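Biologist: I would like to learn how to read helix packing and a few local features. Could we go through them together, one at a time?

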Amino acid sequence: MCGIVGFSGEQQAAPVLLDGLKKLEYRGYDSAGIAVSSGSTINLMKTQGKIVNLCEKTKDGALTPGTAGIGHTRWATHGAPNDTNAHPHLSNDGRFAVVHNGIVENYAELREELKSKGYVFLSETDTEVIVNLLEYYYKGDLKQAVMKTFNRLEGAYALGVLCSDCPGKLYAVKEASPLILGIGVGENLFASDVTAIVSYTKNVIYLEDGEFAEITPAGVTVFDVAGRPIDKKITRVSWDIEAAEKGGYEHFMLKEIMEQPHALKATLEPRIKDGRIVLDDCDISPEKMKSFNKILITACGSAYYAGYAAKYAIEKLCRIPVYTELASELRYCDPIMDEHTLLIVLSQSGETADTKAAVEECKKRGATVIAIVNVVGSSIARLADHVLYTWAGPEIAVATTKGYTTQLIVLYLFALYAADKLGRLEAVEYSRLLKELELLPGAVQRTLDRCRELPEIAKAIGNPRDMFFIGRNVDSAVCLEGALKMKEISYIHAEAYGAGELKHGPIALLEEGTQVVALACYEPLLDKTMSNIKEVKARGAEVLALAPEGNRRAAAEADEVIYIPSTEPLFAPLCSIIPLQLLSYYVAKELGCDIDKPKNLAKSVTVE
Ligand code: F6R
């Protein structure tokens, strides 16, 4: 993963690089560093740990003067997260500095080749081969050296290059890792993500794989792999900087949880016109829709769980078999599919390596691909046949919240849209469900308003060894996401089970005081879930239940109840996930965890 940033302009580069790295820190936070050129000197500083350590070490950039530079925040792949392995890396002659996001797959053979030519390696990283290849190929023409180096690398990478012979000039190279150029006035930038750019300019260029750019204060030139200049479209970014800042909240995660009603509205409303769903960006004819004999949903992590939760609605409304498969499995499982398969792929970042590879595999086999993506212009958005954007705005906290719920609402929209195209819905039912959808952002707001007791409940939960999340039908899907949220930010072991499955094994783990979160929000199966709550209570478990408002039985069976607004049962996950997001947030907060940057994780998983 890692985040990279580069700046060339008239002002001091280091404060801009440090500011950019803070915005990219969600991508990795094992170590960080910057290299700034001042005349023919490269000032390099790097350190283990978070950006705050680097700010201290550089005295907020004062110790690394110069007006062009590159920066890096690391999520370790090759080598431990220490100062030596931190980026930027220097070439043996000290003339080049490189930052790198991705993995060079053929680094071992390149390293041996360079060693045989007398090069010495100080770190365990794959990046050091890149910077020494630059030195090796440099014969006074930086662009040629960049191209020759680029041609030798295999894998996925985005690079930033600085050379002491060319002050003020940077190169940025993209191959299968995200890289965006920011076009300013008298200053230009590159970064892994627009959040590091938007405070300086909203004009950006999305580089394609195989492209590279020369960046100076006066302008940027983009080249194809053969070094020919190419014309690139400048895109105006709609995100503003406030969207990428905490806005008074203690953590990005809490801010993003609270933003959900707004994000859901922004995603839903533009797609409903005169009582009909209009998906301009995904206009599939009724004939084409009828040609699909199965729908396959793929993604990783929470995005996969969003797909899993919405599968019920799509299948029920469209009456087409809907399968779900983890992208990391799908890419290698020789999937059976053809032009009659519709693939729905979900990704907040649009850059997840496994998800991207799964899409490439399915496209080869003839599937039509609809991508549900948050980041405009991201790799997965560009790969897909149709894109439905979630208008959630930037999601900075590593644990996704508004990314997940906006994915859900787009999937519900799609379910209704597809069912209509297939002729599977009476007009009255279509209108009823559409009205239910339109009510959801408000219902999510009401759910947030009802969660006031959660900080106290979280305090009482403390730090149990295990937690179990149980539910049936759509509730069981929400349990998967609830348990993931809990484990990733609080580090408490949390498992999700279909409530009916407990007695087939997991019930053996229940004992006096075990913490169970029981979802009884899917109203058609309420009685069944209530019986399961009784079973776990009988084994001494502490039960926090989620139930639709008006369901007083839950209060009788459980120790604590959070009531959520009663909605169309198929859409219940959109509200029932909210208390689970907040519960994990408050439990983690009580435990003093680093909520926005949980250990070992990174936001955008661009390695396999
Ligand atoms: C969990 C989480 C991850 C992501 C997963 C996919 O809170 O954020 O599980 O959902 O890594 O990421 P995207 O959606 O960017 O493809």
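Biologist: Are H13 and H19 roughly parallel or roughly antiparallel to each other?

Modeller: First, a word on what we are looking at. This is a predicted model, in which local features need pLDDT of at least 70 and side-chain atom pairs count only at pLDDT 80 or more, while totals for chains, interfaces and linings use all residues. Residues are numbered from 1 along each chain as its sequence is written, and side-chain values use heavy atoms, with hydrogens and water left out.

Modeller: Now the general idea: two packed helices are described by the angle between their axes and the distance between the axes. Axes are lines fitted to C-alpha atoms, for helices over the stretch in contact, and angles run from 0 to 180 degrees between N-to-C directions. Helices (H or I, at least four residues) and strands (E, at least two) are DSSP runs, numbered from the N terminus. Helix H13 (residues 402-421) and helix H19 (residues 573-590) pack at about 170°, with axes 10 Å apart. H13 and H19 are therefore roughly antiparallel; angles under 35 degrees count as roughly parallel, over 145 as roughly antiparallel, 65 to 115 as roughly perpendicular and the rest as oblique.

Biologist: Which residues make the contact of H13 and H19?

Modeller: Contact means heavy atoms within 4.5 Å. H13 contributes Tyr404, Thr405, Leu408, Ile409 and Tyr412, and H19 contributes Pro573, Leu574, Ile577, Ile578 and Gln581. By class, the contact of H13 with H19 has eight nonpolar, two polar and no charged residues (Ala, Val, Leu, Ile, Met, Phe, Trp, Tyr, Cys and Pro count as nonpolar, Asp, Glu, Lys and Arg as charged, and the others, Gly among them, as polar).

Biologist: Is the crossing of H9 and H16 left-handed or right-handed?

Modeller: A crossing is left-handed if the near helix is turned anticlockwise from the far one by less than a right angle, and right-handed if clockwise. The crossing of H9 and H16 is left-handed. The axes of H9 (residues 301-318) and H16 (residues 474-490) come within 8 Å and cross at roughly 170°, so H9 and H16 are roughly antiparallel to each other. Residues that meet here include Tyr305 and Tyr308 in H9 and Leu480 and Leu484 in H16. The contact of H9 with H16 divides into eight nonpolar, three polar and two charged residues.

Biologist: At what angle do H4 and H5 pack?

Modeller: H4 (residues 127-137) and H5 (residues 142-152) pack at about 130°, their axes 8 Å apart. H4 and H5 are therefore oblique to each other, and their crossing is right-handed. Among the contact residues are Ile130 and Leu133 of H4, together with Lys148 and Arg152 of H5.

Biologist: Which residues come nearest to the ligand?

Modeller: A residue is near a molecule if one of its heavy atoms lies within 4 Å of it. Of the 13 residues around the ligand, Ser347, Gln348, Ser349, Thr352 and Glu488 come nearest. A polar side-chain atom of serine 347 is 2.6 Å from a ligand oxygen atom. For lysine 485, a polar side-chain atom lies 3.0 Å from an oxygen atom of the ligand.

Biologist: Where does proline 88 lie?

Modeller: Proline 88 lies in the loop between strand S4 (68-74) and strand S5 (89-90). A cis peptide bond, with omega about 0°, joins histidine 87 to proline 88.

Biologist: What is phi of alanine 176?

Modeller: Alanine 176 has a positive phi of about 65°, although it is not a glycine. Alanine 176 sits in the loop between strand S8 (170-175) and strand S9 (180-183).

Methods. Polar contact = N/O pair within 3.5 Å; in protein donor to acceptor, adjacent residues only side chain to side chain.
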